[in-house]
Amino acid sequence: MIGPDLDDAAQPPTSARARRSHKPRPPLAALEARIGHSFADQGLLTRALTHTSKASARGGSYQRLEFLGDRVLGLAVADRLYAAFPEADEGDLSRRLAALVRRETCAVVAAAWEVGPHLILGQGEVMGGGRRNQTILADVCEAILGAIYLDAGFDAARAVVEAHFHPSEPASAARGRDAKSALQEWAMGRSLPIPTYAVVERTGPDHAPRFRIAVEVEGLAPGLGEGTSKRIAEQAAAQALMEREGIGALPAAGPTETA
């Protein structure tokens with residue numbers, strides 16, 4: 001009877017966990033489809049997925065791309081905010097930017113892209129649950145945006161940001177503020193055009209006019225509001241639409257009837 005091969009006998013049995021850690025990574029084309037960008041240089045995407053624990057040389061990990069992607073993300077969101085809120089001051093824009101661009105948001109986006117199986121990690125990171133680590137996911141999300149920027153330019157990266165960075169509660173950043181700003185933020189978070197306002201009716205004398213205004217948001221029935229000024233009527237219309245659609249959580253009291 002022939003005994004077992006000595007080399008095989010010397011090897012310890014492979015655990016199920018170890019076998020899973022060596023599972024081949026799925027093709028990058030599937031990840032590209034979920035991101036919404038097909039790389040001309042797929043090496044950039046590979047680098048964006050490579051953790052420092054597995055990088056073969058300095059600069060071979062996602063760290064430099066993460067640095068770039070963080071700036072690309074900030075500029076893309078800041079550009080949208082600047083256009084969406086033309087009357088907001090610097091402090092207000094900064095608060096909105098901070099609310100929309102968080103590491104938690106990046107991690108959620110990376111999880112939606114299902115980057116975990118594609119990550120290139122050292123064995124220690126794999127065994128430690130690195131494919132689900134929120135810090136790694138957030139870093140890789142930014143690195144991918146940086147890679148897209150290098151691969152195809154800012155417009156391509158901005159398109160990916162606009163497609164995927166939808167805050168779970170967009171109106172939360174504007175709680176306690178005005179309904180018009182909250183509605184704009186909600187629309188922006190869903191990549192919709194900025195709400196538009198139109199005077200439906202003006203009544204009363206010149207010294208005491210009253211306005212009826214309709215606000216329109218793509219895909220929704222108009223909201224109507226009235227007030228002694230266009231500003232007040234616009235706020236009322238926005239709040240009426242948001243209350244009707246169950247958008248956000250606004251204070252019960254509307255703006256006061258002042259000029």
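Three strands form an open sheet in the order β1-β2-β3, and their pairing is antiparallel. Because β1 (196–203) and β3 (223–227) stand at the edges with a single partner strand each, one side of each is left without a neighbour in the sheet. From one strand to the next, the twist averages 25°. The model is predicted.

**Pairing of β2 and β3**
- Strand β2, residues 210–216, pairs with β3 in the antiparallel sense over five bridges.
- F211 stands opposite G227 of β3.
- The hairpin of β2 and β3 has six residues between the strands, and G219 in this hairpin takes a positive phi near 90°.

**Faces of β3**
- In a regular strand, side chains alternate between the two faces of the sheet.

- Helix α12, which spans residues 230–245, lies across β1, β2 and β3.
- The helix α12 runs at about 145° to β3, the edge strand formed by residues 223–227.

**Aromatic rings**
- The structure holds zero aromatic pairs.
- Y197 has K180 over the face of its ring, with K180 at 4.8 Å from the ring centre.

Note on methods
Residues numbered from 1 in each chain as written. Predicted model: local features only at pLDDT ≥ 70, side-chain atom pairs only at ≥ 80, totals over all residues. Heavy atoms only, no water. Pairing = 2+ DSSP bridges. Helix = DSSP H or I, 4+ residues; strand = E, 2+ residues; numbered from the N terminus. Axes fitted to C-alpha atoms, helices over the stretch in contact; angles between N-to-C directions. Contact = heavy atoms within 4.5 Å. Phe/Tyr/Trp six-rings, centres within 6.5 Å; stacked < 30°, edge-to-face > 60°. Lys NZ or Arg CZ within 6 Å of the ring centre and 35° of its normal.
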